[in-house]
Amino acid sequence: MTSTIRSSIGRALPLAAALTLGLPALAQAQDEEASGVTVGVAGEIVNQFVWRGLLLNDGLSLQPDVWLESGNLSFGVWSSIPLDGDFSEVDTYLSWYQELPVGELTLTAFDQFYPGEEDEFDDFGNFGGVEDGEPTGAHTVELVAEFSPAALPLDFMLGWNVWN
C-alpha cells in the first residue's frame with residue numbers, strides 16, 4: 001500500500017503545485033463582474049489530520065483546496081495527501097449559502113473518496129454499499145446544514161451520511 005500512496009503523492013504534488021501557483025493569477029485576471037465566477041485556491045500542510053475529533057493521520061499531510069463560486073453557489077475539490085502517514089482523502093462538494101436576517105445558512109453535499117489499502121477502494125468508480133454494517137465502497141456521501149446565528153458566537157451543524 002505504501003507504494004500506492006507514494007505513487008499517488010507523486011502524481012498529486014505536481015498537480016497541487018500547479019494549481020496553487022497558476023489559479024490565483026487566473027482568478028485575478030478574470031473579470032468577476034462580467035462572468036460572476038470566482039476561482040479560489042488554498043492549501044495547508046498539517047502535522048496531524050484530525051476530523052471531528054478522530055485522528056486520521058498522525059503525520060504530515062498536504063491539504064489543497066480549489067473551488068469555483070458563482071453567486072450563492074460554490075463547487076470545489078479538497079484533499080488530504082499524506083506526506084508522512086497513510087490516510088488519504090479527496091472530497092468534492094457543492095454548497096449553497098444564504099444570508100438571512102437572523103444569521104447565515106449553508107447547505108452542502110459532499111462526496112468523500114477514501115482510497116484505501118484494499119484494491120477495490122482505489123477505484124474511484126466504486127461507490128459500493130453497506131454489508132453487515134461495513135461500507136463496501138470507497139465513497140461516503142454526506143449532506144450538511146450549517147447555521148450561524150447573527151446574535152450568538154455559535155455555529156450549529158447537522159450532517160447526515162446518506163451513503164456508506
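Me: A strand here is a DSSP run of E covering at least two residues, with numbering from the N terminus. The model is predicted. In which strand is the place of Glu-99?

Reply: The strand in question covers residues 89–100, and Glu-99 falls inside that range. The place of Glu-99 is therefore, by the DSSP runs, in strand β6.

Me: Does Glu-99 count as buried or exposed?

Reply: Exposed means over 50% relative accessible area. Glu-99 has 54% relative accessibility, so this residue counts as exposed.

Me: Which residues form the negative surface patch?

Reply: Asp and Glu count as negative, and a patch takes residues with over 30% relative accessible area and no salt bridge. Glu-99, with 54%, is one of the members. The patch is formed by Glu-99, Glu-104, Glu-146 and Asp-155.

Me: What pattern does the protein follow along the sequence?

Reply: The protein has 2 helices and 11 strands. Read along the sequence, these elements give the pattern α-α-β-β-β-β-β-β-β-β-β-β-β.

Me: Of the 164 residues, what percentage count as buried?

Reply: Buried means under 20% relative accessible area. Of the 164 residues of the protein, the part that counts as buried is 28%.

Me: What part of the accessible surface belongs to carbon and sulfur atoms?

Reply: The accessible surface of the protein comes to about 10,200 Å². Of that area, the part that belongs to carbon and sulfur atoms is 60%.

Me: Which elements give two or more residues to the nonpolar patch?

Reply: The nonpolar surface patch has an area of about 660 Å² and is made by Leu-68, Leu-73, Phe-75, Val-77, Val-90, Leu-94, Trp-96 and Leu-107. Two or more of these residues are given by each of β5 (73–82) and β6.

Me: How does Leu-68 count by relative accessibility?

Reply: Leu-68 is in strand β4, residues 61–70, and is a member of the nonpolar patch. Partly exposed residues lie between the buried limit of 20% and the exposed limit of 50%. At 43% relative accessibility, Leu-68 therefore counts as partly exposed.

Me: Which residues does Thr-106 touch, not counting those up to four places away in sequence?

Reply: Thr-106 is in strand β7, residues 103–113. At 18% relative accessibility, Thr-106 counts as buried. Leaving out residues up to four places away in sequence, Thr-106 touches Ser-95, Trp-96, Tyr-97, Val-144, Ala-145 and Glu-146.

Me: How far apart are the closest N and O atoms of Arg-52 and Glu-142?

Reply: The structure holds 1 salt bridge. Arg-52 forms a salt bridge with Glu-142, and the closest N and O atoms are separated by 2.9 Å.

Me: How many residues apart in sequence are the parts that this pair, Arg-52 and Glu-142, ties together?

Reply: Arg-52 is partly exposed, at 46% relative accessible area, whereas Glu-142 is buried, at 2%. Arg-52 lies in the loop between β2 (49–51) and β3 (54–57) and Glu-142 in strand β10 (residues 139–149), so the parts tied together are apart in sequence by 90 residues.

Me: What is the value of phi of Arg-52 near?

Reply: Most residues other than glycine have a negative phi. Arg-52, in the loop between β2 and β3, has a positive value, near 50 degrees.

Me: What distance separates the C-alpha atoms of Glu-134 and Asn-164?

Reply: Glu-134 is in strand β9, residues 134–135, and counts as exposed at 53% relative accessibility. Glu-134 and Asn-164 are 30 residues apart along the chain, and their C-alpha atoms are separated by 7.9 Å.

Key
Residues are numbered from 1 along each chain as its sequence is written. This is a predicted model: local features need pLDDT of at least 70, side-chain atom pairs count only at pLDDT 80 or more; totals for chains, interfaces and linings use all residues. Side-chain values use heavy atoms; hydrogens and water are left out. Patches are made of residues with over 30% relative accessible area and no salt bridge: like charges are joined within 9 Å, nonpolar side chains (Val, Leu, Ile, Met, Phe, Trp, Tyr) within 5 Å. Accessible areas come from the Shrake-Rupley method with a 1.4 Å probe; for residues, only the protein chains shown count as cover. A salt bridge is a side-chain nitrogen of Lys or Arg within 4 Å of a carboxyl oxygen of Asp or Glu. The place of a charge is taken as NZ of Lys, CZ of Arg, CG of Asp or CD of Glu. Helices (H or I, at least four residues) and strands (E, at least two) are DSSP runs, numbered from the N terminus. Buried means under 20% relative accessible area, exposed over 50%, partly exposed in between (1.4 Å probe, protein chains only). Contact means heavy atoms within 4.5 Å.
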